[in-house]
Amino acid sequence: GERVGKIPFGYDLAADGFTLVENAGEQRVVVLVKELHDAGLSLRKIADELTNRGIPTKEGNGKWTHTTIARILNRAA
């Protein structure tokens, strides 16, 4: 629950500068990623779907990668 580097997708840094708190909007995307994965989509297809829907990444750009999707799924497991 504390920051050790980059802030992961689905979370924000609390005011104390150490603790991670859930970001409600990003958590909805995490749920979508899990649903798409459970439906059988590959990591690349999920990344393409999020990019096509215009959902921004943590950095605010619109291009998702399969690596980012894998990290999200690994954290959510």
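Predicted model: local features only at pLDDT ≥ 70, side-chain atom pairs only at ≥ 80, totals over all residues.
1. Residues are numbered from 1 along each chain as its sequence is written, and side-chain values use heavy atoms, with hydrogens and water left out. Helices are DSSP runs (H or I, at least four residues), numbered from the N terminus.

2. The axes of α1 and α2 come within 10 Å and cross at roughly 135 degrees; axes are lines fitted to C-alpha atoms over the stretch in contact, with angles running from 0 to 180 degrees between N-to-C directions. The two helices α1 and α2 are therefore oblique to each other (under 35 degrees counts as roughly parallel, over 145 as roughly antiparallel, 65 to 115 as roughly perpendicular and the rest as oblique). From α1, the residues V29, L32, V33, L36 and H37 make the contact with L43, I46, E49 and L50 of α2, where contact means heavy atoms within 4.5 Å. By class, this contact of α1 with α2 comprises seven nonpolar, one polar and one charged residues (Ala, Val, Leu, Ile, Met, Phe, Trp, Tyr, Cys and Pro are nonpolar; Asp, Glu, Lys and Arg are charged; the others, Gly among them, are polar).

3. For α1 and α3, the axes come within 10 Å and cross at roughly 95 degrees. Helices α1 and α3 are therefore roughly perpendicular to each other. Here V30, V33, K34 and H37 in α1 meet I69, I72, L73 and A76 in α3. The residues of this contact divide into six nonpolar, one polar and one charged.

4. In α2, the residues I46, A47 and L50 are buried (under 20% relative accessible area; exposed is over 50% and partly exposed lies in between, with a 1.4 Å probe and protein chains only). The buried residues of α2 fall within an arc of 100 degrees seen down its axis, so they line one face of the helix; the arc is that of the directions from the helix axis to the C-beta atoms. This buried set packs against α1 and α3, whereas R44, K45 and N52 are exposed on the other side of α2. Just after α2, G54 takes a positive phi of about 75 degrees.

5. Helix α3 (residues 66-76) has I69, I72 and L73 as its buried residues. Their arc around the axis is only 95 degrees, which puts them on the same side of α3. Their cover includes α1 (24-38) and α2 (43-52).

6. Q27 belongs to helix α1 and is buried, with a relative accessible area of 18%. Neighbours within four places in sequence aside, Q27 is in contact with G10, Y11 and E22.
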